[in-house]
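User: Here is a structure to go through. Please take the questions one at a time and end each reply on what was asked.

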Amino acid sequence: MPSNIKRVALNTGGGDAPGLNAVIRAAVIAACQRGWEVVGIREGYNGLLEPQRYAEGGVFPLTRATVRGITHLGGTILGTTNKGNPLKFPVKNPDGTYREVDRSDELIAAFKTNGIDALIAIGGDGSLGIASALAQKGLPVVGVPKTIDNDLDKTVVTFGFDSAVSFATTCIDRLNSTAEAHQRVMVVEVMGRHAGWIALNAGVAATADVVLIPEIPYDIEKVAQKIREREGRGSHFSIVVVAEGAFPKGGSTSIVGKEIGRADLIGGAGDHVAKQIQAITGKETRCVVLGHLLRGGTPTTFDRLLSLRFGAAAVRALDEGYSDVMVALDPPRVRYVPLSEATGRMKVVDVTCDTMLTARDLGTSFGD
Ligand code: F6P
């Protein structure tokens, strides 16, 4: 059944990822082609819940002119946040502590007041979980899967992942030559708090010697053994890629405490591994943390195209009357999957997947 949409809103939530602006451009143009008005909500849902924060308004028109020339830009013209969950909105107590308040009914009312008929929510598992809750409350919502971590289920890949992996691969390539020149071990920490996709794909592509991922708790002795084996073969340098969420057997990740509404990862996984390698092998070891560099910059061609496809498909989905679904890559097509299926389970690395088997066949150590 064709939709009755006249005004659609877009928002971006959670950590940014290359391709957000390409999704926005495609969705805006596809919606304009249908005669719909489009507005952007600033910083997740904050533009609707806290409009007073924004001098130029929490909600603003998105036109063909607004989205001209943004396809290749990193970041998001809407702004984003990983702290404005409307279901657990952080409110400051008089004593300076925070409590979490469910503001979802207020938010649904704000959509109505602003004359918004539907939402395209661009985000990762947290943002899409929120989007689904809003859909359950009657707002037509379509989600677009974003995250450099690639940990969203039911889509072959999320946009942003390819850009992060490409950049990580380039960085590891560069570290190879300096590692060899100085006969050192270089440890490279990449993002991936629960899933090791970036570490695995970049590590294998850049022919790292050791890859440590959250899915396989590591034994540092096995890591040292791999480095010694290389020494024995006359290779006096090694590259070790560590996902930020990797942890030793019997140990735990560097995720500590809880920021309001969100586990806080303080980092240090790579540094920890580097110190131990140096202590055990006696080899000079350096650690490089790529961190947020992986989230910046221009999207790769793959991510641009995927983002444009996702943005246009999200508008088609709304136009076809779908709600509470996410657009998903299922090559060669983009299909719609229930948001609950996409967010119900985190897509971690399948340790029997072909890339893992390839890595094992090539002699990569996973510290196990
Ligand atoms: O979820 C994407 C991600 O980039 C993770 O890999 C990383 O742990 C997290 O975001 C970092 O978040 P923040 O920008 O709040 O430091």
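User: How far does a polar side-chain atom of Asn-82 lie from an oxygen atom of the ligand?
Analyst: This is a predicted model, in which local features need pLDDT of at least 70, side-chain atom pairs count only at pLDDT 80 or more, and totals for chains, interfaces and linings use all residues. Residues are numbered from 1 along each chain as its sequence is written, and side-chain values use heavy atoms, with hydrogens and water left out. A polar contact is a pair of N or O atoms within 3.5 Å; within protein, one must be able to donate a hydrogen and the other to accept it, and residues adjacent in sequence count only if both atoms are side-chain atoms. From the polar side-chain atom of Asn-82 to the ligand oxygen, the distance is 3.0 Å.

User: Which residues come nearest to the ligand?
Analyst: A residue counts as near if one of its heavy atoms lies within 4 Å of the molecule. Asp-149 has a side-chain N or O atom 2.8 Å from a ligand oxygen, and Arg-193 has a polar side-chain atom 2.9 Å from a ligand oxygen. Of the ten residues around the ligand, the nearest are Asp-149, Met-191, Arg-193, Glu-244 and Arg-295.

User: Where is Asn-150 found?
Analyst: Most residues other than glycine have a negative phi. Asn-150 has a positive phi, near 60°. Helices (H or I, at least four residues) and strands (E, at least two) are DSSP runs, numbered from the N terminus. In those terms, Asn-150 is found in the loop between strand 7 (141-145) and helix 5 (161-182).

User: Is the peptide bond from Pro-331 to Pro-332 cis or trans?
Analyst: Most peptide bonds are trans. Pro-332 sits in the loop between strand 14 (325-330) and strand 15 (333-338). With omega near 5°, the bond from Pro-331 to Pro-332 is cis.

User: Are helix 7 and helix 8 parallel, perpendicular or oblique?
Analyst: Axes are lines fitted to C-alpha atoms, for helices over the stretch in contact, and angles run from 0 to 180 degrees between N-to-C directions. Helix 7 (residues 220-232) and helix 8 (residues 269-281) have axes 10 Å apart, at an angle of about 60°. Angles under 35 degrees count as roughly parallel, over 145 as roughly antiparallel, 65 to 115 as roughly perpendicular and the rest as oblique. Helix 7 to helix 8 is therefore oblique.

User: What is the handedness of the crossing of helix 5 and helix 6?
Analyst: The axes of helix 5 and helix 6 (residues 197-205) come within 9 Å and cross at roughly 45°. A crossing is left-handed if the near helix is turned anticlockwise from the far one by less than a right angle, and right-handed if clockwise. The crossing of helix 5 past helix 6 is right-handed.

User: How do the residues of the contact of helix 1 with helix 9 divide?
Analyst: Helix 1 (residues 20-33) and helix 9 (residues 301-319) pack at about 35°, with axes 7 Å apart. Their contact (heavy atoms within 4.5 Å) includes Ala-26 and Ala-30 of helix 1 and Leu-308 and Gly-311 of helix 9. Ala, Val, Leu, Ile, Met, Phe, Trp, Tyr, Cys and Pro count as nonpolar, Asp, Glu, Lys and Arg as charged, and the others, Gly among them, as polar. The division is nine nonpolar, two polar and two charged.
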